[in-house]
Amino acid sequence: MATHHVEEEDKQNDAQVNALRHSSDSDDEEEEYEDQNWDDWKDEDDAVEEQGLNPQLQCLFCDSPYGSCSSLFEHCSSAHFFDFYGIKKAYNLDFYKCFKLINYVRSQVAVNKCWSCGMICMSKEELQKHLHKAVSFDLSSFPWDDDRYLNPFLQDDSLLYSFGEDDEDEEGDIMIDDTKELASYMSQFEHIDIQVEGASDRCAPELIIPCENGGKGAVLSFDKDLNAAKPLANTNNVAGGLSPYRSRKNEAFTVPSTNIATNEIRKINKSYFSSYSSFGIHRDMISDKVRTDAYRQAISENPSLLRNAVVMDVGCGTGILSLFAAQAGASRVIAVEASDKMAAVATQIVKDNSLLRNGISSDGSQQDGVIEVVQGMVEELDNADHIQPQSMDVLLSEWMGYCLLYESMLTSVLFARDKWLKPGGAILPDTATMFVAGFGRGATSIPFWENVYGFNMSCIGQEVVEDAARVPIVDVIDNCNIVTTTKVLQNFDLVTMQPKQMDFTAEVELEPKLVVPLNNPTGSKLEITWCYGLVLWFETGFTERFCREKPVVLSTSPYDPSTHWSQTILTFREPIAMASNSGGDKLAEVGTNDCPAVKIQSRISIVRASQHRSIDISMELTGIGSDRRKRNWPAQFFNLN
């Protein structure tokens, strides 16, 4: 039908030209007419071409127009906290998911709704003030991952046909970006299905794909795999053939992303484990008396658990915990270490202490030891035929990182539990608990800068505090600077938990400490306390479930002796005034000196970041006044890497 339509148009054009020629009185008039019309057509073509080369791209959040995608997205990042390229890389977004993302954001902004957290604002101005950096999304379900967002939200939205052009200038292929593929690979540990769009049985929609010249190109229909996209019609015939978007890179779509991601994650893991080749790190950990004594007591002072047991030590390092287990009477200890160097060092240490299984001493005699060191990640021990699945009596590991979950080694411990531990076997430690409390001014650097050899340098202190509101700080806090009650943030049972439970959101209510001077008259107004942020710490338990003779608790609390883990500090953008019982000024904002909050509701989310072994933390605060009025502060986001 399209061919028939073109033939009819050609006939009409021929008839019009013949009529013009018959009506001409002379050759000169005919030539003049044709010259005039040629100039008109040329002007129109130039105008269309100029419009195509310089499209007006409208900002996703305001009415500002831009002439290029790069300038538009730079504006969105700096003015509206929307980092398109960062999100694209972090979540492995291909062309179609980016297409959906743009339409999704436009649809949310149109109803004054935050595209990231979903908060509904009363006006466009309020939305502009509320916008913040993107929260971490579930890799299995993006809010824009809906086929309805394949339909342009704005009619003639030039951005939809231009945003991919900048990819041509990027070095390498965007489809195999390390971080994105890493996120895809990590999700497999939780059996999350992140297949591309079109995987359902229903028919996928048609989509116009831009050509390399920026104009509209071919209409594609999709089979169950993006690689099976087929051109249905060429809407812009370039040099007589189809010029598909990113034609030079189409081969990249056929590369198995899991294979690429496997190589990338191994590369990152190699770098991570190599960092533990430094003896200084191991000295710091072994010198941490709280840490090492807790493990030694749990292992050595529970003879009924370790005697004649088969033990696996995940991430053995120098082998100190394996040595404790052998000393406690274990019949066999498998010390697993991913670092090549440290595996060799641990083997030598075990050999030097005559505990190497089937080893040969320096004098040539046979060692009758119980420890064997296995080099490799615990997830990759399938080729170790001498280690049978579900054959371990005890699973031992010192896996904790800053803020408990940093380094994400817990996933390896849970894998080892499911693969190698006997049913009913022991895991040490078997519990972990995270705590949170508010800290005061004394825990910041403000007091230091207020008096430097008699000089006031408080401007530096204020700037340091403002910078601290952007990144988490790992440091030791004196318990005298804890100004609120302490609450449990999250509990983990390592015997039953699943890897997905490492990502969580918890809500707690913090109240000011009831510290009243002895000379404070009864009924007088209590002194206002300023809360400058939240501090997180953890403890792990070697509980009576397995350690019947000697239960042990390893604590990183500011109320206990300090450890190499310190505490994790999240600083507020502005301090919040608190008081235990104060009416306050009902016209003043909650959390100020005139109306201190009696409680701070804190909503904290901690999730594994797309960057391997890092964690993302979000913090949402609500101050509650004595008259129950509430005040919300903008969410804050931190990345611990």
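**Helix α3 and what covers it**

Okay, so the accessible surface of the protein chain comes to about 32,800 Å², and 49% of that belongs to carbon and sulfur atoms; those areas are Shrake-Rupley with a 1.4 Å probe, and for residues only the protein chains shown count as cover. Bear in mind this is a predicted model: local features need pLDDT of at least 70, side-chain atom pairs count only at pLDDT 80 or more, and totals for chains, interfaces and linings use all residues. Residues are numbered from 1 along each chain as its sequence is written, and side-chain values use heavy atoms, with hydrogens and water left out.

The protein chain has 16 helices and 22 strands, taken as DSSP runs (H or I, at least four residues, for helices; E, at least two, for strands) numbered from the N terminus. Of its 641 residues, 45% count as buried, meaning under 20% relative accessible area with a 1.4 Å probe, protein chains only; exposed is over 50%, and partly exposed is in between.

Now, α3. Which of its residues are buried? Cys69, Leu72, Phe73, His75, Cys76 and His80. Looking down the axis of α3, those buried residues fall within an arc of 150°, so they line one face of the helix; the arc uses directions from the helix axis to the C-beta atoms. In general, an α-helix has 3.6 residues a turn, so residues three or four places apart point the same way. On the other side of α3, Glu74 and Ser78 are exposed.

And what covers the buried residues of α3? The cover includes β1 (57-58), β2 (65-66), α4 (84-90) and α6 (124-130). After α3 comes Phe81, with a positive phi near 60°.

Technical notes
Contact means heavy atoms within 4.5 Å.
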